[in-house]
Amino acid sequence: MISRQLAANTRLGDYVVGAPLWPLRAADAYKAVGPQGPATLYVVHTAIAQNAQLRDALIAGTRLAAQLPEHKHLVRTLAAGLSNLPGGDVLWIATEEAEGSLVRDMIAKKRAAGQGGIGARAAGNLVVGICAALAEVPHGALATESVVVNRAGRVRVIDLALASGTIAAIRAGLIATSQGSIAPEIAAGEPPAGAADVYAIGALLYEALVGRTLERGGQRPSEVVQGASGQIDEVIGRACHRDPQKRFGRVDVLSEVVAEALGKGGALQTQMVPKLDEAPTLENQVSLAAELAAPKAAGSGDANVDRALAAALADTTEKWLVTKGRLDYGPFSLADVVAQIDKGEITGDAIIMDKDSGARGSVGLHPLLGPLADAAKQRIDDNRRTQAEVVQQKREKKRGTVLYGVIGAAVLAVGVGGYFIYDAIEGGSEKKVEGVKQLESGDIKITMSEPKPPPKPAHTGGGRHGGGGGGGGGAQAANNGNQNLALDMSDDGDDDSETLPMNEVFQTYSHYGSQLGSCLASNGAGGAHISFIIDGKSGHVTYVSVNGGTAGGLYGCLSRVMHSMQFRPVHGIRTRAEFDIGS
């Protein structure tokens with residue numbers, strides 16, 4: 001693609017252009033010096049910069065990247081601008097200095113020397129770093145040119161600000177899709193998501209191991225990398241499946257699987273190598289555990305099941321993920337899963353997955369966990385009915401005592417008392433019917449306040465938004481695991497961004513009053529202050545805090561209810577709101 005070459009010492013905003021670095025798909029990279037010292041400038045290709053739609057996509061992507069908290073595996077976005085120079089306007093993006101070599105160039109150098117890829121250990125470290133960078137934010141256009149590795153081995157994603165514009169340029173036909181790292185759904189018009197990054201990272205891993213871009217029917221990594229077995233072939237095959245639903249669910253899951261397979265030069269550490277078309281079921285895995293842990297003995301089918309369950313519970317490996325709604329929880333040990341089933345926190349309609357092998361299945365259909373889920377549901381329902389009956393009996397007893405008192409007074413008061421007896425009986429009957437109706441319906445009386453948007457926090461300088469939430473800079477956010485979510489509570493910085501009206505937000509969450517009230521009752525809480533964020537594109541809740549925190553039993557229960565809500569999608573980035581609930 002034709003790009004404009006800039007001479008050294010050219011000024012773009014507050015930045016002075018230095019020596020050229022790398023040609024990329026959407027821009028050319030230069031060394032630069034800015035207000036904060038050394039930096040990297042990306043000068044967008046002319047054909048992309050002159051297209052209004054693609055330019056808007058780049059600007060939107062730059063805004064989102066600039067709002068992210070600092071991360072050791074992400075190059076920080078500093079500023080962007082449109083500078084008028086002799087010969088035309090120049091669209092540019094400035095980031096902190098990106099030191100090191102492009103993975104693209106590292107692989108090309110190895111290939112030219114006839115050495116294939118960069119090796120199993122280096123490829124494993126590469127994937128772990130990339131997955132850490134993209135665990136909370138999708139990229140969508142990741143490729144070998146997106147990552148640098150410095151002399152100390154630090155892995156960093158450099159082009160997150162360019163990702164949206166790169167995707168738009170691919171769909172517009174200005175960038176070729178021949179690179180195997182672009183997920184099929186991205187090229188087809190779907191928005192970036194974690195599944196697309198799983199595909200891209202799998203393709204990048206293949207290229208790092210083999211030395212050539214991913215292609216169907218190409219060499220298997222186990223045939224090229226010394227000491228590697230077929231497990232890494234299956235990991236890449238699953239990650240790069242054409243169907244997003246059949247890939248690993250998240251990049252952090254892929255990271256753990258790859259780290260295990262390549263952590264020691266690619267040598268396998270397990271005996272089971274699942275295939276994509278015939279991955280072992282949970283029943284197979286638990287039965288295998290039973291065979292290894294229990295003695296061979298004849299017995300009833302129930303005894304075999306008990307031994308299998310006991311053997312499975314003895315394994316404390318935290319490798320099970322549980323999907324409820326659209327959210328994944330875990331990893332848990334199987335003992336943790338059983339404990340949550342017993343409490344009713346995991347029900348039969350949830351999906352359980354082995355993050356190591358990718359095997360997955362329904363909790364309700366599993367031969368061991370299914371009966372546990374059914375029994376837990378029956379026990380919890382029985383307890384609720386028993387509690388309701390106890391409450392009803394207490395009310396009946398209290399009403400009966402009052403009624404007899406009224407009758408006694410009526411005998412003494414004769415005619416006037418008779419009137420009061422009749423009134424008390426009729427009134428008591430009406431209240432009794434109302435009380436029974438309330439118990440049968442399971443409703444809980446609660447009050448909810450109208451929602452209001454949280455106050456906008458102050459932003460720090462330097463061309464980026466600050467940490468948001470309770471204040472603090474980006475460095476603090478990087479050091480605190482919960483602060484990265486607090487960033488979403490900051491202002492979008494875009495006055496044209498559409499948000500949901502507060503009355504519409506109230507109409508939606510008010511339908512969940514009974515569930516929210518149940519959380520208060522089950523945790524012995526009289527009320528709670530809930531802050532939450534609604535993603536604009538999906539209409540799903542992406543962040544919840546309860547009484548200013550993100551931990552504890554009350555938070556866990558209320559968070560699950562909030563994440564199950566579906567709001568109307570809008571064109572804006574997010575809608576923020578908070579409200580109070582009391583029982």
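## Exercises on helix pairs, sheets and a disulfide

**Exercise 1. At roughly what angle do the axes of α2 and α5 cross, and which residues meet?**

Solution. 
- Step 1: find the helices. Helix α2 covers residues 52-67 and helix α5 covers residues 163-171; their axes come within 6 Å and cross at roughly 155°. The model is a predicted one.
- Step 2: classify the angle. Angles over 145 degrees count as roughly antiparallel. α2 and α5 are therefore roughly antiparallel to each other.
- Step 3: α2 and α5 cross in the right-handed sense.
- Step 4: list the contact. From α2 come L54, A57, L58 and G61; they meet S164, G165, A168 and A169 of α5.
- Step 5: sort by class. The contact of α2 with α5 holds 5 nonpolar, 3 polar and no charged residues.

**Exercise 2. Is the crossing of α7 and α9 left-handed or right-handed?**

Solution. 
- Step 1: locate the pair. Helix α7 spans residues 194-210, and helix α9 spans residues 230-239.
- Step 2: read the geometry. The axes of α7 and α9 come within 8 Å, with a crossing at roughly 145°.
- Step 3: assign the hand. The crossing of α7 past α9 is left-handed.
- Step 4: name the contact residues. α7 supplies V198, Y199, G202, L205, Y206 and L209, which meet I232, I236 and A239 in α9.
- Step 5: divide them by class. The contact of α7 with α9 has 8 nonpolar residues, 1 polar and no charged.

**Exercise 3. Which cysteines form a disulfide, and which helices hold them?**

Solution. 
- Step 1: place the helices. Helix α20 covers residues 553-563; its axis and that of α19 come within 9 Å and cross at roughly 170°. That makes α19 and α20 roughly antiparallel.
- Step 2: list the contact. Q515, L516, C519 and L520 of α19 make the contact with L554, C557, L558, V561 and M562 of α20.
- Step 3: sort by class. The contact of α19 with α20 divides into 8 nonpolar residues, 1 polar and no charged.
- Step 4: The cut-off for a disulfide is within 2.5 Å. The sulfur atoms of C519 and C557 are 2.0 Å apart, and the two form a disulfide. The count comes to 1 disulfide.
- Step 5: C519 sits in helix α19 and C557 in helix α20, 38 residues apart, so the pair links distant parts of the chain.
- Step 6: read the torsion. About the S-S bond of C519 and C557 it is about -75°, so the disulfide is left-handed.

**Exercise 4. What is the strand order in the open sheet of 4 strands, and which strands stand at the edges?**

Solution. 
- Step 1: write the order. The open sheet of 4 strands runs β14-β17-β15-β16, with antiparallel pairing.
- Step 2: find the edges. β14 (447-448) and β16 (541-546) each have a single partner strand, so one side of each is left without a neighbour in the sheet.
- Step 3: check one pair. Strand β15, residues 527-535, is joined to β16 by 5 bridges, and the two run antiparallel. S531 has S545 in β16 as its bridge partner.

**Exercise 5. In the open sheet of 3 strands, what is the order, and which strands are the edge strands?**

Solution. 
- Step 1: write the order. The sheet reads β7-β8-β9, and the pairing is antiparallel.
- Step 2: find the edges. β7 (101-102) and β9 (155-157) are the edge strands, and each pairs on one side only.
- Step 3: count bridges. β7 is joined to strand β8 (residues 147-149) by 2 bridges. L102 stands opposite V148 in β8.

**Exercise 6. Which residue takes a positive phi in the hairpin of β5 and β6?**

Solution. 
- Step 1: find the strands. Strand β5 (residues 77-85) and strand β6 (residues 88-96) run antiparallel, joined by 8 bridges.
- Step 2: go to the turn end. L85 stands opposite G88 in β6. The hairpin has 2 residues between the strands.
- Step 3: read phi. G87 takes a positive phi near 105°.

**Exercise 7. How many bridges pair β10 with β12, and how many pair β12 with β13?**

Solution. 
- Step 1: take β10 (residues 320-324) and β12 (residues 351-354). They pair in the antiparallel sense over 4 bridges. V322 has I352 in β12 as its bridge partner.
- Step 2: take β12 and β13 (residues 360-362). They pair in the antiparallel sense over 3 bridges. I351 stands opposite S362 in β13.

Note on methods
Residues are numbered from 1 along each chain as its sequence is written. This is a predicted model: local features need pLDDT of at least 70, side-chain atom pairs count only at pLDDT 80 or more; totals for chains, interfaces and linings use all residues. Side-chain values use heavy atoms; hydrogens and water are left out. Two strands pair if DSSP finds at least two bridges between them. Axes are lines fitted to C-alpha atoms, for helices over the stretch in contact, and angles run from 0 to 180 degrees between N-to-C directions. Angles under 35 degrees count as roughly parallel, over 145 as roughly antiparallel, 65 to 115 as roughly perpendicular and the rest as oblique. A crossing is left-handed if the near helix is turned anticlockwise from the far one by less than a right angle, and right-handed if clockwise. Contact means heavy atoms within 4.5 Å. Ala, Val, Leu, Ile, Met, Phe, Trp, Tyr, Cys and Pro count as nonpolar, Asp, Glu, Lys and Arg as charged, and the others, Gly among them, as polar.
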